[in-house]
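Reader: I am new to this structure and would like to learn how to read it. Could you take me through it feature by feature?

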Amino acid sequence: MTSTFESLTDGIEFGLDGERLCFADTVRITQEGHRTVGAMSSLYRHVDPADEAVLYDTFYDVRDEADEDRMLSGKLAYSLTSIRQAPVGTESAKTHGHVHSFEPDGFPPAEAYEVLSGSGVFFLQDLHAGPASRMVVAVHAEKGDVVVIPGGLYHCSVNAGEGRLVFADLCRRGMSDVYGDVREFGGFAYLRHLDGEYEPNPRYADVAGLKHVTAEEWAGGRIGSLYTTLRDDPAQLAWLWDRDEFVSRFPHLAEYAYPVGLAQP
Ligand SMILES: [Fe+2]
């Protein structure tokens, strides 16, 4: 650990050392991955498919060794994503984006993001043949904000700040992410440019108006630290895997907790 290390959240020791995400010796990670700019070529308007620069890093199942049993035995996995600040063409750096696979009970699991460093814009939308989107929101989130992602919505994360965007996420263990629809249709309904302007994706035949909300407005209130809640009181997070719990806690989002995308088998 260097002297410039900045701890990002309670309960686990990791942070940014300049551009690099670093972890205390007691932190365990099951799997790491990354996506290059070139691998996202179908999702940006102007990009070199041969560009092998890393756009974002992912760290799956992150926990402190002291919490090993509790963090690995529950229904949820705690993971991290770190998106670089540098633009791609005129666009802000972003993740690929996906929707969740459907569970046997027909409820695609919800997800929660917590911004740990930087500023993010999180696009949530439906997706239909055309391609077309009938609802799109841009959820704006700063450090400490939690973004609630209903199971039926496609979601994509955009770095809208000056440095790296680092966020944690909680999702159901063993759940699958479906990427094909997004890739086939050339990304999400809106592009965010570096100057903060939003442009409808020209590849879409029909795009709903873009609604901007804060994370707190979208969730209907504040939500506490994901790591410490998962470690100390995971029952509070049952809305992430149980449809009834989700609808009870977020009644204003109930309409998005059901299949609305194209991922339905
Ligand atoms: Fe997801």
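Reader: In what order do the six strands of the open sheet stand?

Author: The order is E4-E5-E6-E14-E8-E12, and the pairing is antiparallel. At the edges stand strand E4, residues 27-36, and strand E12, residues 146-149, each of which pairs on one side only. From one strand to the next, the twist averages 25 degrees.

Reader: How many bridges join E4 to E5, and which residue stands opposite histidine 34?

Author: Nine bridges join these two antiparallel strands, E4 and E5, and histidine 34 stands opposite aspartate 57 in E5. Strand E5, which covers residues 54-64, is also joined by four bridges to strand E6, residues 76-83, and this pair again runs antiparallel. Towards E6, aspartate 57 stands opposite serine 82, while threonine 58 stands opposite threonine 81.

Reader: Why does leucine 21 count as partly exposed?

Author: A residue is called buried if 20 or more other C-beta atoms lie within 10 Å of its own, and exposed if 12 or fewer do. Leucine 21 has 19 C-beta neighbours inside 10 Å, and therefore counts as partly exposed. Leucine 21 lies in strand E3, residues 20-23, and, leaving aside neighbours within four places in sequence, its contacts are Phe14, Leu16, Asp57, Ser82 and Val166.

Reader: Which residues touch the most other members of the largest nonpolar core?

Author: They are Tyr78 and Val147, in a core of 71 residues. Strand E14, residues 165-172, gives this core its largest share, namely six residues. Not counting residues up to four places away in sequence, tyrosine 78 touches Asp61, Val62, Arg63, Met71, Ala168, Leu170, Leu226, Tyr227 and Leu230.

Reader: Where does pLDDT stay under 50?

Author: As a general idea, where pLDDT is low, the predicted coordinates should not be read in detail. Here, pLDDT stays under 50 over residues 261-265, for which the model has 17 contacts beyond four places in sequence. For the protein, the mean pLDDT is 90, and 94% of the residues reach 70 or more.

Notes:
Residues are numbered from 1 along each chain as its sequence is written. This is a predicted model: local features need pLDDT of at least 70, side-chain atom pairs count only at pLDDT 80 or more; totals for chains, interfaces and linings use all residues. Two strands pair if DSSP finds at least two bridges between them. Axes are lines fitted to C-alpha atoms, for helices over the stretch in contact, and angles run from 0 to 180 degrees between N-to-C directions. Two residues are in contact if their C-beta atoms, placed from the backbone, lie within 7 Å. pLDDT is the predictor's confidence in each residue, from 0 to 100. A nonpolar core is a set of buried Ala, Val, Leu, Ile, Met, Phe, Trp, Tyr and Cys residues joined through C-beta atoms within 7 Å.
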